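Have the viewer open as you read.

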Amino acid sequence: MSAATVDLNADLGESFGVWTLGDDDAMLDLITSANVACGFHAGDPAGLRRVCRAAAERNVKIGAQVSYRDLAGFGRRFMDVSSEDLIADVMYQIGALSALAEDAGSRVSYVKPHGALYNSIVTNRPQAYAVAEAVHAVDPRLPVLGLADSVFFSAAAEVGLRTVPEAFADRSYRPDGQLVSRRERNAVLHDVDEIAERVIAMVTKGRVDAVDGSIIPITVESICVHGDSPGAVQIAAKVRERLTEHGVALTPFS
C-alpha cells in the first residue's frame with residue numbers, strides 16, 4: 001500500500017487569555033488542515049478569530065474541533081452527557097467557529113471531535129450517533145475526522161457523512177487499534193526521528209507498531225500532530241520532510 005497524498009493536521013487555537021499553548025503560526029506553516037478549538041475545551045473568541053485569519057492567509061483548511069464542555073479538564077475527561085445536550089453542544093460549537101472562519105474569508109471544512117469525546121465515540125454508540133446527527137444537522141456536506149472502524153464512522157456513514165480516517169504521529173497504539181490512554185506510560189511519543197519513521201510506515205505501508213510489539217494495519221487519509229505536545233513544530237517539520245522525501249504530497253482532504 002502506498003499513498004500518493006496525505007493530509008497533515010494539528011490542534012490549534014488552544015490558548016486562553018494570557019495562557020499560551022503551542023505555536024499556532026509556526027504550525028500553520030507546516031500543516032494542511034487546522035483543527036481549531038471551539039471554546040468548550042480551550043480557546044477564547046479573540047484568539048480563535050486570529051487563528052482562523054492566520055489559517056485563511058496560508059490557505060490551510062479550518063476544521064471545528066468539538067468537545068465536551070470541559071475547560072478545566074481540557075476536554076480530556078469523559079462526560080456522561082445526554083444525546084440531546086451533546087447534539088446541541090456540537091451544533092453550537094460548529095456554528096460559532098463557522099462565523100469566525102467566514103469572517104476570515106474561509107469556512108469550516110470539516111469536523112473533528114477532541115480528547116475524551118474523540119475516544120468515547122470509538123465505542124460509545126449513543127454519543128457517536130449524537131455527534132454524527134449534530135454534524136449532519138449543521139451541514140451534511142461536512143466530512144468528519146476519526147478512527148477507522150469506529151462506531152462513530154458507522155454512525156456518520158448511516159446519516160451520509162463522509163468519513164476521513166486519521167492516524168496519530170505522536171501517540172501510541174493498542175493492539176486493537178485504539179489509542180493508549182494518556183494516563184499510561186509512553187502514551188505520547190517524543191523522539192522526532194522515531195515519529196517520522198512511524199508516519200512513513202503508516203502512510204506508505206498501512207501499518208504501525210502497537211505497544212505490545214505487534215504490527216497492526218492502519219487506514220490513514222490524514223496524519224495528526226498534536227499542537228500542544230513538546231516539540232510539536234519540530235515533529236511536524238520532520239514528518240513533512242520525510243513524507244516529501246518518500247514522494248508523498250501534503251494535500252488537504254477537504
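## The largest pocket

Which residues lie nearest the centre of the largest pocket, and how many residues line it? Nearest the centre are Gly115, Ala116, Asn119, Ser181 and Arg182, and the lining is made up of 25 residues. Please keep in mind that you are looking at a predicted model. The volume of this pocket comes to about 540 Å³.

Two elements give two or more residues to that lining: strand S4 (108-113) and helix H4 (115-120). The largest share comes from H4, with five residues. By class, the lining of the largest pocket splits into nine nonpolar, eight polar and eight charged residues.

## The second largest pocket

Next on the tour is the second largest pocket, which holds about 310 Å³ of space. Its lining counts 16 residues, and those nearest the centre are Ala148, Asp149, Asp176, Gly177 and Pro217.

What is the make-up of this lining by class? Nine of the residues lining the second largest pocket are nonpolar, four are polar and three are charged.

How many cavities of 30 Å³ or more does the structure hold? There is one, and the volume of the largest cavity is about 40 Å³.

To find this cavity in your viewer, select Pro113, Tyr118, Ile121, Val122, Leu145, Gly146, Leu147, Ser150 and Phe152, which line it. Seven of the lining residues are nonpolar and two are polar, while no charged residue takes part.

## Strand S6 and its partners

Now for strand S6, which spans residues 163-168. This strand is mostly covered, with five of its six residues buried. Strand S5 (residues 144-146) pairs with S6 in the parallel sense through three bridges, and within this pairing Gly146 has Pro165 of S6 as its bridge partner. Between S5 and S6 the chain passes through helix H6 (residues 151-159), making a β-α-β crossover that is right-handed.

Which strand is joined to S6 by three bridges and covers residues 222-225? That is strand S9, and S6 and S9 run parallel. Here, Ala167 has Ile223 in S9 as its bridge partner.

One residue links this part of the tour to the previous stop: Gly146, the bridge partner of Pro165, is also among the residues lining the largest cavity.

Key
Residues are numbered from 1 along each chain as its sequence is written. This is a predicted model: local features need pLDDT of at least 70, side-chain atom pairs count only at pLDDT 80 or more; totals for chains, interfaces and linings use all residues. Side-chain values use heavy atoms; hydrogens and water are left out. On a 1 Å grid over the protein atoms alone, a cavity is a set of points where a 1.4 Å probe fits but cannot get out, and a pocket is an open set with protein on both sides within 12 Å along at least five of seven lines; lining residues have an atom within 4 Å of a point. Grid points are joined across faces, edges and corners, and a volume is the space filled by probe spheres set on the points. Helices (H or I, at least four residues) and strands (E, at least two) are DSSP runs, numbered from the N terminus. Ala, Val, Leu, Ile, Met, Phe, Trp, Tyr, Cys and Pro count as nonpolar, Asp, Glu, Lys and Arg as charged, and the others, Gly among them, as polar. Buried means under 20% relative accessible area, exposed over 50%, partly exposed in between (1.4 Å probe, protein chains only). Two strands pair if DSSP finds at least two bridges between them. A crossover is right-handed if, with the strands pointing away from the viewer, the path from the first strand over the helix to the second runs clockwise.
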